[in-house]
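Here is a short briefing on one protein chain. Please look at the structure first, then read the points by topic.

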Amino acid sequence: MKKIPIYILLSVIALLSVSRPLKAQSSIIQDVDTAYLNKLIATAKTNYPRVKSYQNHIEIAQQNIGKAKASYLDAFTFSYVYQPHSSTIVNTTPGTATTGSNYSYFNGIQVGLFFNLGNYLEKPYASKVAKQELMIANNDRDEYFLTLTTEVKKRYYAYLLGMAALKIQVQAAQDAEEIAKSIRYKFEKGEETYDNYNKAQVSYADHNQTRIQAEAALLTARADLEELLGQPLESIK
């Protein structure tokens with residue numbers, strides 16, 4: 001019986017090992033869970049520190065509006081002066097020491113209310129500036145929400161890609177291992193050459209290394225996604 005060349009055997013088996021998972025994982029679109037993705041986006045909007053900073057800016061802007069409204073009272077000034085109804089006047093001039101009482105229409109408590117027109121006219125502008133600052137703070141937060149949403153989607157898709165790639169590489173490594181074992185068995189029985197045996201071992205080592213690289217890529221994609229979420233993926237159901 002004529003032996004099939006080892007390179008043909010490896011190529012066919014490698015093709016089969018790759019094509020099987022490819023058939024089962026021909027696309028990652030089917031793995032996209034829109035409801036789960038929306039939960040991830042909502043979690044990122046709640047937990048990511050920069051979002052909290054933008055929210056703090058909004059709260060400060062809201063407080064500034066309240067301060068601007070209350071500052072209308074700054075235009076008014078209240079004051080009072082107390083003048084006793086009688087006071088003793090002591091003449092300390094040498095040789096003319098006398099005492100007496102001083103009476104005036106302005107004796108008692110005098111109350112004054114003052115109005116600063118210039119200060120009052122400035123208040124509408126201060127209030128308008130405070131409202132514009134609130135609008136800017138809201139716009140900044142909404143703009144960052146768009147950026148954050150896009151970034152969560154990108155990292156989620158990268159995570160799905162990493163899982164799909166790992167499935168392919170795991171299957172390829174398993175098939176390469178089976179091939180290597182089969183050829184090793186034949187080699188030990190004297191039915192295969194050392195060259196073929198060596199090629200099978202090298203092929204298995206290459207697939208195994210590729211699988212490990214796929215594992216690392218998946219872990220990296222997951223870490224990138226969880227960075228935005230602020231919590232592990234398992235905690236988001």
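In this predicted model, the axes of H2 and H3 come within 5 Å and cross at roughly 55 degrees. An angle of 65 to 115 degrees would count as roughly perpendicular and one under 35 as roughly parallel; H2 and H3 are therefore oblique to each other.

**Where H2 meets H3**
- H2 contributes Ala44, Lys45, Thr46 and Asn47 to the contact.
- From H3 come Pro49, Val51 and Lys52.
- By type, three residues of this contact are nonpolar, two are polar and two are charged.

**Nonpolar cores**
- The largest nonpolar core holds 23 residues.
- Leu40, Leu148, Val152, Leu225 and Leu229 have the most contacts inside it.
- Helices H2 (34–47), H3 (49–70), H4 (117–188) and H5 (194–229) each give two or more residues to this core.
- H4 supplies the largest share, eight residues.
- Leaving aside residues up to four places away in sequence, Leu225 touches Leu40, Val152, Arg155, Tyr156, Tyr159 and Leu233.
- A second, separate core has seven residues, including Ile58, Ile65, Ala130 and Ala137.

**Confidence**
- The protein chain has a mean pLDDT of 85, and 80% of its residues reach 70 or more.
- Confidence is highest in H2, at a mean of 97.
- Helix H1 (residues 6–24) has the lowest, at a mean of 48.
- Residues 12–19 have pLDDT below 50; this stretch has six contacts in the model beyond near neighbours in sequence.
- Where pLDDT is low, the predicted coordinates should not be read in detail.

Notes: Residues numbered from 1 in each chain as written. Predicted model: local features only at pLDDT ≥ 70, side-chain atom pairs only at ≥ 80, totals over all residues. Heavy atoms only, no water. Core = buried A, V, L, I, M, F, W, Y, C linked by side-chain atoms within 4.5 Å. Buried < 20%, exposed > 50% of the residue type's maximum accessible area, 1.4 Å probe, protein only. Helix = DSSP H or I, 4+ residues; strand = E, 2+ residues; numbered from the N terminus. Contact = heavy atoms within 4.5 Å. pLDDT = per-residue confidence, 0-100. Axes fitted to C-alpha atoms, helices over the stretch in contact; angles between N-to-C directions. Parallel < 35°, antiparallel > 145°, perpendicular 65-115°, else oblique. Nonpolar A, V, L, I, M, F, W, Y, C, P; charged D, E, K, R; others polar.
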